[in-house]
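Work through these exercises with the structure open beside you. Try each task before you read its solution.

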Amino acid sequence: MPPTVKLSNVALHLSPHDEVAIALCPLAAGTIIALGDGAPHLVLTGDIPRSHKFALAQIPLGGRVHKYGQSIGLAIAPIAAGDHVHSHNLGMDDAGRRHEFGTRRTTLVAPAGPVPTFLGYPRADGRVGTRNYVGILTSVNCSATAANLIADAFRGAALDEFENVDGVMALTHQSGCGLVPTSDGAQALMRTLRGYAAHPNFGGMLVVGLGCEMVPVDALVAGHDLPADTVVSTMNIQGEGGVRATVKEGVARIRSMLPQLNERRRVATPVSELVLGLNCGGSDGFSGITANPALGIASDRLVSYGGTSVLAETPEVFGAEHLLTSRAVAPEVGQKLLDRLDWWQDYAAQGGGSLDNNPSPGNKAGGLTTILEKSLGAVAKAGQADLTAVYEYAEKITDRGLVFMDTPGYDPVSVTGIIAGGATVVVFTTGRGSVFGAKPTPSIKVATNSDTYNRMPDDMDLNAGRIVDGTATLAEVGTEIFEMIIRVASGEQTVSEELGVGQEEFVPWQFGTVT
């Protein structure tokens with residue numbers, strides 16, 4: 001006789017309006033599910049992997065399927081009660097969503113007591129850094145090798161006597177020439193490079209070019225709001241006499257910066273000066289249930305104290321954008337988000353695709369089916385705060401509160417844009433597992449489930465899977481994330497930083513005309 005188990009012991013039913021539940025563990029075909037409240041028992045018609053969905057009731061062909069109380073798609077085949085609900089029987093719901101600007105505004109109230117502080121590096125422009133790095137910024141790909149060789153000279157024990165300098169990193173990329181300077185792609189690249197040059201986590205900056213590129217080195221630092229206390233030096237390979245001479249001179253220039261940068265000290269600063277980047281990667285069916293809403297709680301806490309939180313990944317809010325536009329502080333803010341989504345739909349169509357192509361094979365293996373389902377879980381990172389502004393990719397963030405930045409969903413490109421905008425801490429949630437880092441900004445990785453956390457303990461900072469395990473509440477994990485943000489902003493290393501991950505993840509968004 002197959003086992004009979006209570007629904008609440010083996011699955012999550014997130015909303016009374018949902019036709020599906022999410023399996024907390026692998027469930028075998030034939031398992032009898034007791035739904036409770038006098039409802040007839042349910043028999044699973046097939047195996048249900050952990051974090052995947054199964055139907056609680058019959059759904060006709062073309063019927064809407066709901067999760068979180070929101071539509072995640074239409075049945076593309078009749079679905080029986082007990083069926084596995086996934087890509088074979090659930091497709092996109094293209095119905096338009098109603099947008100009402102500012103109808104769900106929320107006043108966040110900070111907890112009683114003093115505003116928490118972190119230990120940060122105050123900068124001359126009023127911003128506060130969480131790290132003190134030296135950057136080697138390349139104006140063109142032609143100078144990438146030289147930049148990497150210079151950075152390599154400062155690995156190992158080379159910085160031991162400079163305990164207040166976090167490291168020397170090369171910022172290399174694949175562009176900088178062959179561009180139409182006035183194109184959107186070229187402008188996005190310039191914003192990115194200038195944003196990193198001016199970032200409060202860089203105390204020193206060496207800019208290295210070839211000498212004949214379309215993006216000259218001076219264009220990245222001259223007259224572009226760098227903090228007055230950033231130690232800046234520029235050089236061209238052609239002018240220095242080649243790669244070997246450039247590397248020798250570049251190493252010497254950075255060595256001359258280090259004593260001055262080592263004099264910088266952390267000071268107690270209100271958390272209102274933090275800029276928090278929100279990102280997710282390798283999402284699964286638990287992402288929108290554990291790590292993302294817990295991060296939303298931490299984000300709201302920061303915003304309640306006057307801080308800034310940055311949501312991004314425009315293709316991954318498609319289908320859930322109505323939850324953001326209803327929180328917009330002004331109609332033009334909500335409309336700007338819709339305009340960016342329109343741009344993305346055209347952009348995807350030009351490449352022969354659609355935004356519903358976004359869930360990756362790994363996302364689907366983890367239980368996510370449509371972009372609607374993925375987006376509803378992703379937006380949970382933004383908590384309940386009002387949406388105060390929408391920014392272009394890599395645009396400098398000047399508004400406080402919850403803001404949105406237009407970025408791709410590809411993790412390194414998205415986070416590169418957020419950091420260029422000024423993020424000084426990033427929290428990165430993952431269900432399938434990620435080895436992401438984001439120098440010069442520390443990246444805290446939060447696992448959505450205990451299996452991933454236990455399988456990759458050296459790559460995870462915090463386990464939000466305890467929420468579905470029943471050993472921690474959503475509020476408790478949200479508080480843990482907030483407290484970890486403060487500790488990391490104050491200098492505690494993340495696991496990515498301990499492993500030295502984060503230099504190769506500098507990936508500016510490349511699009512537009514290349515000649």
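This is a predicted model: local features need pLDDT of at least 70, side-chain atom pairs count only at pLDDT 80 or more; totals for chains, interfaces and linings use all residues.

Residues are numbered from 1 along each chain as its sequence is written, and side-chain values use heavy atoms, with hydrogens and water left out.

**Exercise 1.** Find out how many residues of helix H12 are buried, and what covers them.

Solution. 
- Step 1: Count the buried residues (under 20% relative accessible area; exposed is over 50%, partly exposed in between; 1.4 Å probe, protein chains only).
- Step 2: Look at the cover. It includes helix H3 and strands E18, E19, E21 and E22.
- Step 3: Gly422 takes a positive phi of about 125 degrees.

**Exercise 2.** Determine which residues have the most contacts inside the largest nonpolar core.

Solution. 
- Step 1: Recall the term. A nonpolar core is a set of buried Ala, Val, Leu, Ile, Met, Phe, Trp, Tyr and Cys residues joined through side-chain atoms within 4.5 Å.
- Step 2: The largest core has 98 residues, and Ile481 and Ile485 have the most contacts inside it.
- Step 3: Helix H15 (residues 474-489) gives the most to this core, with eight residues.
- Step 4: List contacts of Ile485 (heavy atoms within 4.5 Å), leaving out residues up to four places away in sequence. Among them are Leu274, Val425 and Ile444.

**Exercise 3.** Trace the salt bridge between Lys67 and Glu373.

Solution. 
- Step 1: Apply the cut-off. A side-chain nitrogen of Lys or Arg must lie within 4 Å of a carboxyl oxygen of Asp or Glu. Here the N to O distance is 2.8 Å.
- Step 2: Lys67 is in strand E7 and Glu373 in helix H11, 306 residues apart.
- Step 3: Check burial. Lys67 and Glu373 are both buried.
- Step 4: Widen the view. Lys53 joins Lys67 and Glu373 in a network of salt bridges.

**Exercise 4.** Is Asp406 buried or exposed? Which residue does it pair with?

Solution. 
- Step 1: Asp406 has 2% relative accessibility, so it counts as buried.
- Step 2: Asp406 forms a salt bridge with Arg340, with the closest N and O atoms 2.7 Å apart.
- Step 3: Arg340 has 21% relative accessibility, so Arg340 counts as partly exposed.

Key. Helices (H or I, at least four residues) and strands (E, at least two) are DSSP runs, numbered from the N terminus.
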